[in-house]
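Please look through the structure below with the text beside it. The paragraphs go from charged side chains to aromatic rings and then to a loop.

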Amino acid sequence: MPYELPKLHKRTIFVPAKAKVMFLKKDRTMKFSNLKKTIMGALASLVAVSMILSSCSSSKNAAGTAALEGEWNIVTACGKSAEGGMNPAFINFAKDGKVNGNASVNSFFGNYTFNGKKLKLDQVGMTRMMGSSMDIEDAVTKAINTVETIKIDGKKATLFDGDGKEVMTIEKK
């Protein structure tokens, strides 16, 4: 398909190095035979590089998260039983570094990083409704905000604060 060049003050035309330019008429109409291939190749390269970079950023969690990944029931939070709440309290650790769950009344969501024993919950947000089990809700919220380390023992795990105090116990579903 011919491309009409705009009128230029100078007779300089910038063309990609690999593009073959053929002037069809003296009226400034030209055909770019390889321009489409060059642009598509550049776009494919950009996509490949971005995929490689994104896989590198998500692999920082991937190494040790297999034991943590999945949905866990919250058994206790800050010494309080999580049973009998308005909704079952749970926490879900996704492979991509996302965390979500329910604190008995409200849902929460955010990011996490995990490497061996260190567990950091980051940018955690939460819906804010009132309910009949706000005591459990407050305990779960406090635990989520203070957790720094975790000890996983099969299908059970214990989460600790910065002082080594137990703040939550969870069981794999």
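What follows is a short walk through selected side chains and their neighbours.

This is a predicted model, in which local features need pLDDT of at least 70, side-chain atom pairs count only at pLDDT 80 or more, and totals for chains, interfaces and linings use all residues. Residues are numbered from 1 along each chain as its sequence is written, and side-chain values use heavy atoms, with hydrogens and water left out.

Side chains of opposite charge can pair when their charged atoms come close. A salt bridge here is a side-chain nitrogen of Lys or Arg within 4 Å of a carboxyl oxygen of Asp or Glu. By this rule there are three salt bridges. One of them joins Glu71 and Lys173, at 2.5 Å from N to O. Glu71 belongs to strand E4 (residues 70-77) and Lys173 to the segment after E12, 102 residues apart. Helices (H or I, at least four residues) and strands (E, at least two) are DSSP runs, numbered from the N terminus.

A second bridge connects Lys80 with Asp135, at 3.2 Å from N to O. Because Lys80 is in strand E5 (residues 80-81) and Asp135 in helix H2 (residues 134-146), this pair ties together parts 55 residues apart in sequence. The remaining bridge is between Lys156 and Glu171, at 3.9 Å from N to O. Lys156 lies in strand E11 and Glu171 in strand E12, so parts 15 residues apart in sequence are tied together.

Lys173 also lies over the face of Phe90, 4.9 Å from the ring centre. A charge sits over a ring if NZ of Lys or CZ of Arg is within 6 Å of the ring centre and within 35 degrees of the ring normal.

The structure holds one aromatic pair. Phe93 and Tyr112 form this pair edge-to-face, with 5.1 Å centre to centre and 80° between the planes. Rings of Phe, Tyr and Trp (its six-membered ring) pair if their centres lie within 6.5 Å; planes under 30 degrees apart count as stacked, over 60 as edge-to-face and the rest as tilted. Both Phe93 and Tyr112 are buried, where buried means under 20% relative accessible area, exposed over 50%, and partly exposed in between (1.4 Å probe, protein chains only).

Finally, Asp161 sits in the loop between strand E11 (156-160) and strand E12 (166-172). Asp161 is buried yet has no salt bridge, and the nearest side chain of opposite charge, Lys165, is 5.8 Å away. Lys and Arg count as positive and Asp and Glu as negative, while His and the chain ends are not counted.
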